[in-house]
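Here is a short report on one protein chain. Please read it alongside the sequence and the coordinates.

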Amino acid sequence: MSRTETKTSRSANGSGSIRKITTIGKNGKEYTYWQGRCTVGYDPGIGRQKQRSITGKTQKEVAQKLRQLTAELDAGTYQEATKITLSQWLETWQKEYLFDVKPSTAYLYKQEIALHIVPRIGAVKLKDLDTATIQAMYNDLYRPKDDTRPLSAKSIKNTHGVLHKALQQAVSCNLIRTNPSDGCMLPRVEKTEVKPLDDEQISLFLKAVQGNPYEHLFKITLFTGLRQGEILGLTWDCIDFSSGTLTVKQQLRKERQKGGSYYFSSPKNGRTRVVTLAPSVVDLFLQQQSAEQEKELKAGSLWENRNLVFSNEVGGFLSYRVVYKAFKKVVASIGRPDARFHDLRHSYAVAAIRAGDDIKTVQSNLGHATASFTLDTYSHVTDQMKRASASRIEQFIQSVSQ
């Protein structure tokens, strides 16, 4: 392949030069294009100016690109194109910029990157990554063209969240000028229907757990609305028997890998909260305290002194899986095999709202970030209460109108 320069001209503003280049391909065919060169800075390492080349099909096209480049240089917004791929940047981002996230969150990020992002667009250079490429990836994940299992709208949102964070950091590091994922459209996430236990089912549940090894755990969860990680992460210093309060300051987590260790992390929204307990719940904690003391006596020297409210037979951490399996057996026995452990939390919230608790109190007890989220989650309950209120007002109107 040979190349000849047939024409050179200075650009209008004198900031670079444009030349016409003729290339002979392997097949002997002649190809012509235009090339512009511009000084973009000075490299002290090699002791000379740094040049940027721009190519185009016409002289006019190259001249326009040179003018744009010169304007960026004058405005101080010019960024040198990075040659690293998205995959390389994501690897750097995970190593250098996730030090302040929970281990479980970092693991989820790693899974999203390894399973969904890198296999599809990891080889794309960071500088070349655009909105259309990312959008095409989301579309393919949501409605794959082959027999691959599609991802849910919620999963697409999670994948987008990880990629957006990583690309935003790239913007902050001046590797790219803008975040190409900003313009992507995500599938609509349908609101998951809340399915709490009704009054009859709660009564059946309470009878079914009598004598169960996790009786106190299930009952306290139902009557406090704690998340599973929060109830399993309770330690005795969280319970104030004199004031009848419970402090939720941590949750029990497990590393998401084979043989992963248990560890404590902050609650879901990072905020500690204090829940005032009903007297019956305080009694349940007292009963659980006695049960733990009995287990400690039986275990003897094998006892692990972790100060846990709910522990295994030797004082160690309770397994999420073991507790969940025991729960599923109970709900299956009362005709609610579809119930999740989290539905105990929903059952508490619905009962509290129906009992007349104001939304702000319910929000605080549940540890929701905002009262509006609580209202949105349990809107069906508040709608029922509004209809009941309207019915009572109608009865009042009828009574005074006679």
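Which residue in β9 stands opposite Thr245? The residue is Thr276. The model is predicted.

## Overall make-up

The protein has 14 helices and 9 strands. Its length is 402 residues, and 40% of them count as buried. The accessible surface comes to about 23500 Å². Carbon and sulfur atoms hold 50% of that surface.

Residues 24 or more positions apart make up 52% of them.

## The sheet β5-β6-β9

Three strands build an open sheet, in the order β5-β6-β9, with antiparallel pairing. β5 and β9 are the edge strands, and each has a single partner, so one side of each lacks a neighbour in the sheet.

Take the β5 and β6 pair. β5 covers residues 239-240 and β6 covers residues 245-248. The two are antiparallel and share 2 bridges. Asp240 faces Thr245 of β6 across this pair. The hairpin has 4 residues between its strands. In it, Gly244 adopts a positive phi near 70 degrees.

Now the other pair. β9 spans residues 273-276 and is joined to β6 by 4 bridges, again antiparallel. Leu246 stands opposite Val275 of β9. Thr245 is opposite Thr276 in β9, and Thr245 of β6 also has Asp240 opposite.

## Ser347 in helix α11

Helix α11 runs over residues 342-354 and contains Ser347. Is Ser347 buried or exposed? Its relative accessible area is 3%, and the cut-off for buried is under 20%, so Ser347 is buried.

What does Ser347 touch beyond four places away in sequence? Its contacts there are Pro196, Leu197, Ile202 and Leu222. The Ser347 side chain also has a polar atom 2.7 Å from the backbone oxygen of Asp343.

## Glu200 in helix α6

Glu200 belongs to helix α6, residues 199-208. Its relative accessibility is 59%, and exposed means over 50%, so Glu200 counts as exposed. Glu200 and Ile334 lie 134 residues apart in sequence. In space their C-alpha atoms are 9.8 Å apart.

## Helix α12 and its ends

Helix α12 covers residues 359-366. Its buried residues are Ile359, Val362, Gln363, Asn365 and Leu366. Why do they count as lying on the same side of α12? They cover an arc of only 165 degrees around the axis, which puts them on that one side.

Asp358 caps the N-terminal end of α12. One of its side-chain oxygens lies 3.2 Å from the backbone nitrogen of Lys360. Just after α12 comes Gly367, with a positive phi of about 80 degrees.

## Asn307, a positive phi without glycine

Most residues other than glycine have a negative phi. Asn307 is not a glycine, yet its phi is positive, at about 65 degrees. Where is Asn307? Asn307 sits in the loop between α9 (279-299) and α10 (320-333).

Asn307 has 37% relative accessibility, between the cut-offs of 20% and 50%, so Asn307 counts as partly exposed.

Definitions and conventions. Residues are numbered from 1 along each chain as its sequence is written. Side-chain values use heavy atoms; hydrogens and water are left out. Two strands pair if DSSP finds at least two bridges between them. Buried means under 20% relative accessible area, exposed over 50%, partly exposed in between (1.4 Å probe, protein chains only). A polar contact is a pair of N or O atoms within 3.5 Å; within protein, one must be able to donate a hydrogen and the other to accept it, and residues adjacent in sequence count only if both atoms are side-chain atoms. Contact means heavy atoms within 4.5 Å. The arc is that of the directions from the helix axis to the C-beta atoms. Accessible areas come from the Shrake-Rupley method with a 1.4 Å probe; for residues, only the protein chains shown count as cover.
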